[in-house]
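This report goes through selected parts of the structure, beginning with the surroundings of a single residue and ending with the contact between two chains.

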Amino acid sequence: MTPSATAQATTRRFVRADGPDKVTGSGRYTADLSLTGTLVAKFRYAQVSHARITKLDVSAARAMPGVFAVITDADVPDVRFGPMVQDRRLFARDVVRFEGEIVAAVAAVDAETAQRAVDAIVVEYSPLPIVNDVESALSPDSPLVHEDWADYGAPGVMVRNRNDASYASIAKGDVDKALAEADFVVRSHYESDGCHAAPIEPRAVVAQWEGNKVTIWTSTQVPFDARAGVCETLELPSSRVRIIVPHLGGGFGGKCGFHYEAHVAALARIAKRPVKLVFSRREEFLAPDKRREGIVYDFETGVKADGTIIARKARLVIDNGAYTADAGFFSQLAAMHALGPYKIPNVLSEAHLAYTNHQPSGSVRAPTAPQTCWALESHTDEVANKLGMDPVAFRKLNAVDSNVEGPSGQTYGEIGVQQCIDAATAAAGYGKPLADDEAIGVAIGWWPSFASASGAYIKIDGDGSGQIITGAQECGTGAVMTLRQLAADELGMQPEDFELVYQDTSAAPYDMGATGSQTLFNNGRAVIAAAGQIADQLRELAANKLEAAAADIVLADGMAHVAGSPDRGVAIAKLAATAANGELLIGHGSGPPPPAAKAVGNTCVGDIGMTAWRAPQFSCHAVRVRLDRETGVVRVLRVSTAHDSGTIINHTGAQGQVEGGVMMGIGQALTEGTKYDDQARQRNAALLEYKLQTCADAPPIDVQFVEIYTPDAGPRGAKSLAEAPNVATAAAIGNAIAKLVGSPVRRLPMTAERVWETINAGNAS
Amino acid sequence: MSQAFESQSFNLNVNGVDYPVNVEMDRNLLSVIRTEIGLTGTKEGCDDCECGACMVLLDGQPVNSCSYLAVQAQGRAITTIEGVMTGDEMHPLQRNILEEGGVQCGFCTPGMILSAHALLERNAAPSEEEVRIGLSGNLCRCTGYTKIVAAVQRTAVELRS
């Protein structure tokens, strides 16, 4: 089924177009920009987790020499916003709900003056009771994080109740009856801490007004979303707001959503000067409404003695933090991950999204998935152990397969989960003898592909070179870079023939941005459609020149020639020169997204369409670890992966996504977790205390793809990829540790301290 | 309130060029390179010596310029990422990290290249483990390091032959 045209694209060695800028230091990131007269922005943060503002006086700060603007809630339109639940304002009004909430913003001539002005702002608080954990947040007598929650705008389908910002459930069959009939029932409890996206580039925003229009350069993953946020909160039409993203220094979801663009634009409007905000690393940890959510999990799984899973109950409580940001869909997504890619006839999976006085949660690389996969797959090994079955054999028996109904009632087409299990475990040497204190843990994971509208233009100039003008956003993955390959293959040209014009909302049509692993999946379709229009034009031109039918013209190797007669041809560059004096070569493309997937036979509460997944991706990770029993220190020795992400378009880029996703998963497994004090303030908001994995920690990583052409998906049968490799690593590490320790470490991250405590749990007396 | 430090005039030699600067005694080398000298290839990732994005070479030795006073760098040869090329020709490290796919977002890349440069200067034939330890002061969140390590090893082989 695979179209033959893909062969060239999939085997080509890929050097990214933005690479020379990046290796020579000439590439400009947002913080590298300077405009004449630029002021420095700084924020005054709440610094307390829950309190009523009793006094806010900025007059001393405003009076300071060198201070051009000091703004608060009183200086911006009266707008409450939020992608799903409208629970947030640009600046705190009356109440602050987490320590990183912005109370005021300053623009001044330099950083020192701005900081002095921030310090001169007088804020007095009356403390409110702090909600510091998710279970107590849901108790009927818990203090409310939002007194006015019932008045907030939200989609009617969302089920909200007091501190529960979103309840969702997936139900199928009769779970209680099936549990009663099961030969074994296993119950498990797990908890995971929140953690951070931690891109190496801290956020930066520069805003400049010219007349009544503002241009904002910003380190966002989602320029169109950022524009929509500015328009909504400052009450501007999109025709007056232009977002440009210079090179973006990583995102991992942390730079999704609309962040500080409106604050900086509002400062610049009042100051009548360009204003620049650059975050410190500490602000990166404390302020954004994007960090990976902590979750508490309870599982109950019923199996027959032959190993067949017949029932699962799951209850999850997700830490929403103080505002919902883009986390409104997390409860249903997490409920899906609590079921996992398994055939289960009877299910009840419930998830709550609990407001607390923590930093807000938001989409970080595969939101809810790695930690829920860790908990579920740890539980899965516990079930296999109870049966006395090998955990891999247990997964092979129960995992979904092609044309078999999954846990939410969706039946998938041809999928490769079984092949992924075989490939990953074979590469890891699963079942072969290991050294003392070594073990291999195995986990499987899944993740959807997200279909979205997306657009691009292409033009070919008279010299035969062209531009791809796309709304797509590059956050490092190389997905935008790969678009050149798609255009070149459609037109019989070379990727190097195309310049990319991207990350500018006023130049290009809409795209959802570097979010949901969707760039190539959706914008690839747009670029192919745009190239197709030009291909049609070239065929017409060539047909006239060669006295042949347009349908018989083939575009290849820079030539347009008659099919079957390679000698009867004309150079595409020559056709482009002809067109430059007549009808110009211009293509535009978007094309309808692939149809939505459907789940049948289940009952959902709070259904926002997350129980059926378009082009789901599957993975298996097998991880070999070594444990130092004296200290609890775990060393990851090798990670063997296999992924079904459909056709792989760019192997170099795809490998990089898997290697990076695995490394992030190792961090989540072992070192990355936010610690809170009793006042709900982060205790480790610095890279010294919040440890990312280094080059010396990194193990060898085997990368394998089970390439299955997937219809109704991305271009050439591709699914998405960037988030999926982050899903199963921590789970596999957890299962390896559990084998060595004899029981799972029940809290993520599985730090040396927690591993040691688990080893020594029986020796407490 | 922060103490105001006196300014001092001195020269900084960056990539073989002497730049006269007049900056406060407490200014770090990173901010002077970026804002006074105008070379923005050196990045700020944490201002805390933890990430390595601000790495430069001082007389060939890698230093986190966020935590090094500009005034201390007087009389020393400072190399930034902009000084690694020879004319228009990329250094093999730059070419190889690109060809191996060791660049994604690129924010850590300048510091990573300078660390690798210093490593290969002091050890022309590093083992994989020596490369990994040599680069462990430079955080990368994108790549998982695999392709960066491969690029450094490939460069070592090229430079020896």
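Leaving aside residues up to four places away in sequence, B:Val63 touches B:Met55, B:Val56, B:Leu58 and B:Tyr68. The model in which these contacts are found is a predicted one. B:Val63 has its place in strand β4 of chain B, which covers residues 61–64, and its C-alpha atom is separated by 10 Å from that of B:Thr79, a residue 16 positions away along the chain. Because 22 other C-beta atoms lie within 10 Å of its own, where 20 or more are required, B:Val63 counts as buried.

Burial also describes part of a helix in chain A. In helix α12 of chain A, which spans residues 391–398, the buried residues are A:Pro391, A:Val392, A:Phe394, A:Arg395 and A:Asn398. When α12(A) is viewed down its axis, these buried residues fall within an arc of 160°, and they therefore line one face of the helix. The elements of chain A against which the buried residues of α12(A) pack are the strands β15 (309–321) and β17 (438–447), together with the helices α11 (369–387), α13 (417–428) and α18 (729–741).

| Partner of β22(A) (residues 559–562) | Bridges | Residues between the strands | Turn residue with positive phi |
|---|---|---|---|
| β23(A) (residues 565–571) | four | two | A:Gly564, about 85° |

In the pairing of β22(A) with β23(A), A:His561 stands opposite A:Gly569 of β23(A).

The remaining topic is the contact between the chains: which elements of chain A give two or more residues to the side that touches chain B? In total, 46 residues of chain A are in contact with 43 residues of chain B, and the elements that contribute two or more residues on the side of chain A are α2 (19–24), α4 (111–120) and α17 (651–670). The largest share of that side, seven residues, is supplied by α17(A). Sorted by class, the side of chain A that touches chain B consists of 20 nonpolar, 17 polar and nine charged residues.

Key: Residues numbered from 1 in each chain as written. Chains lettered and ligands numbered in written order. Predicted model: local features only at pLDDT ≥ 70, side-chain atom pairs only at ≥ 80, totals over all residues. Pairing = 2+ DSSP bridges. Contact = placed C-beta atoms within 7 Å. Nonpolar A, V, L, I, M, F, W, Y, C, P; charged D, E, K, R; others polar. Buried ≥ 20, exposed ≤ 12 C-beta atoms within 10 Å, placed from the backbone. Arc of directions from axis to C-beta.
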